[in-house]
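Please follow this explanation with the sequence and the model in view.

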Amino acid sequence: MDSQAASTLTSSVPILPGPKCPGLPTPPTGDFFDDTQWTVLFALFDAILPSITATPKVTDDKSQYGIPEADIKHLIANTKKNLVEPPSDDLLEAYLADRPSTDPNFTYGVRRILSTAPSSALKQLGAVLTALSTRPGSLILTGYVVPLHEQPIHIRESILQAWSKSWFGTPRTLFKSFTVVAKAVWAQTNPLLKQVTGFPDVPVNWKPGKTEDFGFLQFGAEAETDDAVIDTDVVIVGSGCGGAVVAKTLAEAGHRVLVVDKGYYYPPEQLPMTQEQGAYHLYENNGIVNSIDNSINVAAGSCWGGGGSINWSVSLQTQGYVRQEWAEVHGLPFFQTAEYQASLDRVCDFMGVSDVGVKQSHRGQKLLDGARKLGLDAKVCPQNSGGKEHWCGHCHLGCGSGEKQGPAVSWLPTAAKNGAQFIEGFAVDKILWDETTRGKNAVGVVGTWTSRDANGTVLAPMAERTTRTVTIKAKKVVVSGGTLNSPLVLMRSGLKNPHIGRNLHLHPVNFIAGYFDEDARPWEGGIITSVCTSFENLDGHGHGSKLEATCMLPYAILNGMPWLSGLDFKLAALRLRYMGGYISLARDRDTGRVYPDPTTGKPTIDYTPSPFDTANVLEGLIGMAKILHAAGATEIRPFVPGVEPFVRSSDTQSEIDLGITDPEFVAWLATIRAAGNKPPHAAFTSAHQMGTCRMSSHSGEGVVDARGKVWEAENLYVADASVFPSASGVNPMITVMAIADWIARGIVSDLKGQK
């Protein structure tokens, strides 16, 4: 089905009040590929997301996948039988017959995502596409002499399936890359997927919260005015969970504070955004930051409020065994003091963190129920929602209600009331040093400010927006740009400590999903409302996995779901409404590093989940499979390559309920262990980045001291998750804020001393 027919079917959907999303810029031209390369790429996408129709209706076997008409009717009838509110036959037929490559939104989305990839990666991918368009190249890569794009769609599908099982690394890497991009963009843009699942872009009972007036400083064009120079007491680079806490604390102490961020502010009336707009406006690099070996994708906030604007509200304090490790192993006794506990409690109290009255989502309750039935430890997760129910589920794309008490809602407005100033769209180039003193003494920063366009958005080409070099002079500089960007600021500023950028922890996760008979509506409710901790200390030294629910926005969950065939994937996706997704999140022992791309300067991640850490993730994943079985899931899909889903049999010969000891289930679990989750072919994701400016007891072990001051320089501090001595093992927001609270109070004392 083409996009015009699809739009006819979706035109009857009522338009409800919702966010005034900012829109997307004109898509990239895509000139990094030639026409033949694009043809081959979309031929692959047509096989990943095929147009499936009854054989008599097939008019082109290169663009349509034919199935006997009787099978199509049986498929639709069987699908509807298992759904509480089944779509109509016409809608299901249209959904199966849809061909995304004919939809401009899909093609634009592909171009937008690929345009963010490093030029070296695009060059390599282009070479593969060119090879697939030739007879010799196709023979080598597919086993067929016929160029890939000239093959019937069922042959292309079989090629993809062969790649997924190849003994060689390159075909499996190609399979992963092509399928992830296709699934992610399709889940973001496809209108029929929303129709058949019932997924709404707008949360239930959406009502925008308060828009804050930050009074962002503005600058004229460079030719019109003198050099822009600002003087302040403290400049804070980054508005996220670390920088915002520092800003509030220093402003309340009476100091002149200026917070700068390369991201922009999006008020609640624009939130939550649609999936494709949220990825573009709110996340680093359009939401796609892959490690250099493609083993893990990292999601990092890049907007006003940083990660605190797009995280999932869960508010867990640093655990005792982690605090003990940081104190005893890393020589930082502060973490076992009552003072650190006071910082933890202070930040939680300010945001109204509590587990009282937390309403469980469907999947959150299933985790609690299944864990209880197996005798595992599980609990309700506190939320930073100020005691509000916060029944949203879309906060991954920004909090429209303003009930989540993140930096842009609570900390930064309080800083503003106490005189703090702010600049959005300001990318710091480097830290400035006092040239009159020996050693390095920070006296400010210099960077580039980019205005909004004439319409108040950031969509216009750069030629239509004002850019300005701005110098900020300050007594103290606090770098809070996050684990990916803070070390790059230090590197660009000439610091040489070999630990800068190293000791990167990512909390790698694998996913697993369970389907239930009842209507789960998984996009509603808190995203993480419960956690199972029984697998968190598998080695006796605090390393293991926590089990939590995950975000159920279509692109967030479906891009990693295993692709077994086009039909299987489309059928699995249309049952999203009955699915619960979960993660096994490792407190990783082993580390990587981040460094600037030599061409663009963007963060480049060198990290591969280690055998030790992947084994812990896998153990947690198997534990989550058991929880899902105990909780009554009728089908369980681990996001592990080569593993078929477990489908619960209704025909049992046993007189008792064998539960997780059922031989079929036990045998299926063995297939997960046999397949394994070895990177880079298994899908790993990270939403937590830590450690690249590690806090340490001396300069030979880290980047900053116990008060957050950079060892190499005076008057320079780092206050974000990059200072963690090792992985926190819990969602890091509260730990970041508590450490930032401690560092900020030290800066207040230092400034008093300077007076």
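Trp 312 sits in the loop that runs between strand S6 (296-298) and helix H13 (320-328). In this predicted model, its relative accessible area is 17%, and Trp 312 is therefore buried, since the cut-off for that term is under 20%. Once neighbours within four places in sequence are left aside, the residues in contact with Trp 312 are Gln 383, His 396, Ile 527, Ile 528, Thr 550 and Cys 551. Along the chain, Trp 312 and Met 733 are 421 residues apart, yet their C-alpha atoms are separated by 9.9 Å.

Asn 294 is placed between strand S5 (289-290) and S6. Is Asn 294 buried or exposed? With a relative accessible area of 18%, Asn 294 is buried. Its phi is near 65°, which is a positive value in a residue other than glycine. Most residues other than glycine have a negative phi. Asn 286 also has a positive phi, near 65°. This asparagine belongs to the loop between helix H12 (residues 275-282) and S5, and Asn 286 is buried, with a relative accessible area of 9%.

H12 itself contains His 281. The relative accessible area of His 281 is 5%, so this histidine is buried. Apart from neighbours within four places in sequence, its contacts are Pro 22, Gly 23, Tyr 266, Met 273, Ser 302, Cys 303, Val 458 and Leu 459. One of these contacts, Met 273, directs attention to the loop between strand S4 (257-260) and H12, where Pro 272 is found. The peptide bond that joins Leu 271 and Pro 272 is cis, with omega about -10°. Most peptide bonds are trans.

The next topic is a pair of helices. Two packed helices are described by the angle between their axes and the distance between the axes. For helix H2 (residues 35-48) and helix H6 (residues 119-132), the axes come within 8 Å and cross at roughly 85°. H2 and H6 are therefore roughly perpendicular to each other, because angles of 65 to 115 degrees fall in that class. On the H2 side, the contact is made by Gln 37, Val 40, Leu 41 and Leu 44, and these meet Gly 126, Ala 127, Leu 129, Thr 130 and Leu 132 in H6. Sorted by class, this contact comprises six nonpolar residues, three polar residues and no charged residues.

H20 has 20 residues and spans 29 Å from its first C-alpha to its last, close to the 28 Å expected at 1.5 Å a residue. How enclosed is H20, and why? Of its 20 residues, 15 are buried, so H20 is largely enclosed by the rest of the structure. Gly 623 is located in H20 and, at 4% relative accessibility, counts as buried. Not counting residues up to four places away in sequence, Gly 623 touches Phe 535 and Leu 547. Gly 623 and His 688 are 65 residues apart in sequence, and their C-alpha atoms are 22 Å apart in space. Just after H20, Gly 632 adopts a positive phi of about 100°.

H21 has 13 residues and reaches 19 Å from its first C-alpha to its last, close to the 18 Å expected at 1.5 Å a residue. Its buried residues are Phe 665, Trp 668, Leu 669 and Ile 672. Viewed down the axis of H21, the buried residues fall within an arc of 105°, so they line one face of the helix. The face turned away from this buried side carries the exposed residues Pro 663 and Ala 674.

Gly 676 follows H21 and has a positive phi, near 70°. In the loop between H21 and strand S20 (684-686) lies Pro 680. The peptide bond from Pro 679 to Pro 680 is cis, with omega near 5°.

How values were computed:
Residues are numbered from 1 along each chain as its sequence is written. This is a predicted model: local features need pLDDT of at least 70, side-chain atom pairs count only at pLDDT 80 or more; totals for chains, interfaces and linings use all residues. Side-chain values use heavy atoms; hydrogens and water are left out. Helices (H or I, at least four residues) and strands (E, at least two) are DSSP runs, numbered from the N terminus. The expected span of a helix is 1.5 Å times one less than its number of residues. Buried means under 20% relative accessible area, exposed over 50%, partly exposed in between (1.4 Å probe, protein chains only). The arc is that of the directions from the helix axis to the C-beta atoms. Axes are lines fitted to C-alpha atoms, for helices over the stretch in contact, and angles run from 0 to 180 degrees between N-to-C directions. Angles under 35 degrees count as roughly parallel, over 145 as roughly antiparallel, 65 to 115 as roughly perpendicular and the rest as oblique. Contact means heavy atoms within 4.5 Å. Ala, Val, Leu, Ile, Met, Phe, Trp, Tyr, Cys and Pro count as nonpolar, Asp, Glu, Lys and Arg as charged, and the others, Gly among them, as polar.
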